[in-house]
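Reader: I have a structure to go through before setting up some calculations. Could you walk me through it?

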Amino acid sequence: MRASSEEIVRESQRILGYIKADTLSEADRDRIVADSLENFPLYVTEAILKSRKSYSDDYSVAEWEDEGAVFRDTHGHEYIDCLGGYGVYLLGHRHPKVVEAVKSQLNRYALHSQELIDPLRGYLSKLVAMITPGDLQHSYLVNAGTEANEMALKLARLATGKKHFIAMEKGFHGKTMGSLSATGKGLFRQPYLPLVPGFQHVPFGDAGAAEQAIVQLLRSGETVAGIIVEPIQGEGGVNIPPPSYLPDLRAICDRYECLLIVDEIQTGMGRTGKLFGVDHSGVVPDIMTLGKAFGGGVAPIACMVAQHRWWGKMEDNPFILGSSTFGGNPLVASAAIAAIEVIMEEDVPRIAAEKGAYFLEGLQTIRERHPEILRDVRGRGLLMGMEFYNHETGYDVAKRLFRKNVLVGGTLSNSQVIRIEPPYSISYQQIDYVLNALEDALQEKV
């Protein structure tokens, strides 16, 4: 039943009081946690609370403030963030330059009229063309990575007139219907079958399997619009392909006149020690998608960028791919512009490579001491994974690390491979703390 206007105003004002307060009383801190435990089961989803229990033995940890490589709960307890929003916080939490840009834009105007030219969309698209490899040129700005991949798939069909896609087993491209059709994880796909037709999945890292799938489709009279692939599979388990893999896929796409779509939503913007994952192999995609760290850890924004030769249909009808009311709005565009400036000025890819190498060496040393628990460690830059022998062990280690104030990427659905994706601003002292905490957690397991 709808509440009265007075009740709605009173509740809104109470919540805004927490938001606007410089400090919270102890009673306020307790109340926010209690409210959260009540609100999620009633108005969101109770299962979200249960999934958060993968990190904590109770439900009392409510995220409230953050900076750099850490966040704090309502009671001021500090945690080192090695989950990093699954890639969002490459630049850390609330990077000052990104926050300053968004505040400045907010003081001018926040959204746009839809009918007039919004300059920041053009400026950001120009910068994307400047930082991406080869002749990638035209951008389509959206709100989230799954939207960017939807646009990429639609553009590939639009530009080529062809239908089928080759996608990868264990690949992850989002959970909207088109992106989910490209995703190669049955856990996400099965509840929604049948999905969008025209997707065939092959083993990741095996270019020959991709070519064979194309040949079989062509022999049966089908057409192939493109191959969609991640340079490194994140959700799939931090899977790194052979060095020749992306160059081979590029050659296959050229040979069969289909498009190479590279999903850089998690690997892009410097995360892997290069500006983009494809930069490790020198490959230029026909279409690339960006997200997560693209907004500097402050604003939700994603992007599809494509070569000029595939953009012709967009000139015939610029709205044919879709209508994104909020995509590329001035606030999020200002964040992405500031993020690009920080990444280039501070040479974030170099820092990610150096700190990632240090972190990975420490993980490898720990694995050598605990081979009976830790099956493998692997990674590139600040995208790393720890593989355990089973889900239960990884889940338990994630909980033990959280008790030591370290957040990693362990989940209820699968913790066999735990991702480590800290911000570039993580200090070497913080890395050492995480490594020591992991050593202690494994010692406790023994």
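Author: A word on terms to begin with: helices are DSSP runs of H or I with at least four residues, and they are numbered from the N terminus. By that definition, Glu 46 is in helix 3, residues 46-52. Please keep in mind that this is a predicted model.

Reader: Understood. Is Glu 46 buried, exposed or partly exposed?

Author: Its relative accessible area is 44%, so Glu 46 counts as partly exposed.

Reader: Which residues does Glu 46 touch, leaving aside those up to four places away in sequence?

Author: Glu 46 touches Phe 40 and Pro 41 on that count.

Reader: And how far apart in space are Glu 46 and Gln 105?

Author: The C-alpha to C-alpha distance is 37 Å, for a pair 59 residues apart in sequence.

Reader: Let us turn to charges. How many salt bridges does a search of the whole structure find?

Author: The search finds 26 salt bridges. One of them joins Arg 14 and Glu 11, with 2.8 Å between the closest N and O atoms. Both residues lie in helix 1, 3 residues apart, which is about one turn of the helix. Arg 14 is partly exposed at 22% relative accessible area, and Glu 11 is partly exposed at 37%.

Reader: What about Asp 35 and Arg 31?

Author: Their side chains meet in a salt bridge at 2.9 Å, N to O. The two are 4 residues apart in helix 2 (residues 26-43), so about one helical turn separates them. Asp 35 is buried, with a relative accessible area of 12%, whereas Arg 31 is partly exposed at 40%.

Reader: Which parts does the pair of Arg 419 and Glu 235 tie together?

Author: Arg 419 lies in strand 14 (residues 417-420) and Glu 235 in the loop between strand 7 (224-229) and helix 11 (245-256), so the pair ties together parts that are 184 residues apart in sequence. The closest N and O atoms of this salt bridge are 2.8 Å apart. Arg 419 counts as buried at 8% relative accessibility, while Glu 235 is partly exposed at 22%.

Reader: Next, the aromatics. How many aromatic pairs are there in the whole structure?

Author: The search finds 6 aromatic pairs. Among them is the pair of Phe 71 and Tyr 79, whose ring centres are 5.2 Å apart with the planes at 15°, so it is stacked.

Reader: Why does the pair of Phe 165 and Phe 199 count as stacked?

Author: The pair counts as stacked because the planes are at 20°, and planes under 30 degrees apart fall in that class. The ring centres are 5.2 Å apart. Phe 165 lies in strand 5 (residues 164-168) and Phe 199 in strand 6, so the pair ties together parts 34 residues apart in sequence. Phe 165 is buried at 1% relative accessible area, and Phe 199 is buried at 16%.

Reader: You mentioned Met 269. What is its phi?

Author: Met 269 has a positive phi of about 75°, although it is not a glycine. The residue lies in the loop between strand 8 (259-263) and strand 9 (287-290), and it is buried at 1% relative accessibility. Lys 292, also not a glycine, has a positive phi near 50°. Lys 292 lies in the loop between strand 9 and strand 10 (302-307) and is partly exposed at 30%.

Technical notes. Residues are numbered from 1 along each chain as its sequence is written. This is a predicted model: local features need pLDDT of at least 70, side-chain atom pairs count only at pLDDT 80 or more; totals for chains, interfaces and linings use all residues. Side-chain values use heavy atoms; hydrogens and water are left out. Buried means under 20% relative accessible area, exposed over 50%, partly exposed in between (1.4 Å probe, protein chains only). Contact means heavy atoms within 4.5 Å. Rings of Phe, Tyr and Trp (its six-membered ring) pair if their centres lie within 6.5 Å; planes under 30 degrees apart count as stacked, over 60 as edge-to-face and the rest as tilted. A salt bridge is a side-chain nitrogen of Lys or Arg within 4 Å of a carboxyl oxygen of Asp or Glu.
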